[in-house]
Amino acid sequence: MRSGTSLPAFWRLIALALALAVALTATAQDEAETADTPTDPLTQALMQARELIEEEHGGALKVMRWRFYEDDWASEASLQVYGSFGIDNCVAEVPMLLKRADELFGWTFSILDASGKEYQARVSYDLEETALCDEVRVPPRYGGTAAAAAADPAAGDPAGDPGQTAPPPSTANTGGFELGGQALSFAHPNHMKNARMTWVKRQVKWHGESAGTFQSWIDHAHGLGFRILLSVIGDKNQIAGNPGGYYQNFANFLAGLARGGADAIEVWNEMNIDREWPSGQISGGNYTQMLSAAYHAIKSANSGTLVVSGAPAPTGFFQGCGPGGGDDDCYLREMAAAGAANVMDCVGVHYNAGIVPPDATSGAPVGSSGHYSWYLPRMMQLYRSFFPSKPLCITELGYLTGEGIGALPGGFAWASGNTLAEQAAWLAGAIHRTRGSGYVRMMIVWNVDSTHWGADPQSGYAIVRPGGGCPACDTMRVAMGG
């Protein structure tokens, strides 16, 4: 056919039909790809790492096994291995002056293909930056070699734990609801039993002792008929010097407590603020590395021990999250993005700023009345939203009142209107709300028996009041069904 001559009508229709079919096929394919695109950050990061490797090595990978872990490219260990900081300190061809020293945290993926070749790539937590490492260097605690990855049946399981061999299956009881109290002296077990408490919480401050040092606490609780939750913290200053090494030593200690019969372990406490975690290293990703090491160690020692994530301090002080400290909402978001749901049985929660009934969602008589931390229902909903597949363990819930003791110190003046009768009624109401939610595993009352009164008025939270009475024990017993 000569140029410029029109197609016969029949052939024009055929051409149009073919063009339409191609367009519809392409549209359907685009829609399918869009529908299948994962939205969770970890899977997106894995896809980026794989694409980076395939682009560099000129072909599709047939992935046999893969593993990952949360990485800190600003650590002293990273500096010792690579001689510099940042996401591409593992890439020799990037000149020192051009290394991205501001990208310090993210995931490192080690991917083994069908030929037995192992590759390593890094992806920043915000999914904005990637780097392909010259060689595979995996910390010893995560396995290390291609052979180890090939032999690891959990490697490549996106529901598995970050970068480690799968722990034994958890046999911890994560169903039902139980009540407990944090006891400082544990001198009032009869009051606790009257309130229908079956758990006692005690806080362990670890400074290098053996787990056997605290065996008497476990045995004492069991001897009185209580299950025991140990909330364990260590030395934040030791974290700062060698985070990875400290996490593993701390995990080994927790494993000893689990072997000794601890029924539940809360891994650290309020780690989103610099009172409890070294300033400059505060992040949900860093904490999840500790939680991961702890979970594996505890479950290997006693699969029935309930692993509770450390409850962050509920606060809006920081107006966001940064290495110097963070609000609990964005800190939890960082934990979720780092895979914390895979290495816990229960989400730790603190609620100890109650100045309204436990069913209220507004109306707190303070200037910051809009913040969720004043309201138990909003706190529960917020924490549940980040970890919808995990129950909540409220490891501190208390109502402060100075009635019968004295005026509250300035930092706690917000609770000056609380009465002893309100404390009793609100604790009972909190039991009704948490017990009826269907997703709260336990509620631990803060606290049972403190006698400390000062800048931190702990005895104002105590349910055993001066003189030895416990008005709230009766209301809690009724709330628990008598």
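Keep in mind that the model is predicted.

Cys330 is buried, at 12% relative accessibility. Look along the S-S bond of Cys321 and Cys330: the angle is 95°, and the link is right-handed.

A disulfide is a covalent bond between the sulfur atoms of two cysteines. How many disulfides are there? The count is four. Number the bonded cysteines along the chain, and the pattern reads 1-2, 3-4, 5-6, 7-8.

Next, select Cys90 and Cys133. Their disulfide has an S to S distance of 2.2 Å. The torsion is about -70°, so this disulfide is left-handed. Cys90 sits in the loop between helix H3 and strand S2, and Cys133 in the loop between strand S4 and helix H4, so the pair ties together parts 43 residues apart in sequence. Cys90 is buried at 7%, and Cys133 is buried at 8%.

Move on to Cys470 and Cys473. A disulfide joins them, S to S 2.0 Å. Its torsion of about 80° makes it right-handed. Cys470 is buried at 9% relative accessibility; Cys473 is buried at 1%.

Last stop: Gly460. Find it in the loop between strand S14 (440-445) and helix H13 (471-479). Is Gly460 buried or exposed? Gly460 is buried, at 0% relative accessibility. Select what Gly460 touches, including Tyr399, Trp453 and Arg465. Then pick Glu403: Gly460 and Glu403 are 57 residues apart in sequence, yet 7.8 Å apart C-alpha to C-alpha.

Conventions
Residues are numbered from 1 along each chain as its sequence is written. This is a predicted model: local features need pLDDT of at least 70, side-chain atom pairs count only at pLDDT 80 or more; totals for chains, interfaces and linings use all residues. Side-chain values use heavy atoms; hydrogens and water are left out. Helices (H or I, at least four residues) and strands (E, at least two) are DSSP runs, numbered from the N terminus. Buried means under 20% relative accessible area, exposed over 50%, partly exposed in between (1.4 Å probe, protein chains only). Contact means heavy atoms within 4.5 Å. A disulfide is a pair of cysteine sulfur atoms within 2.5 Å. Lists of a residue's contacts leave out its neighbours within four places in sequence.
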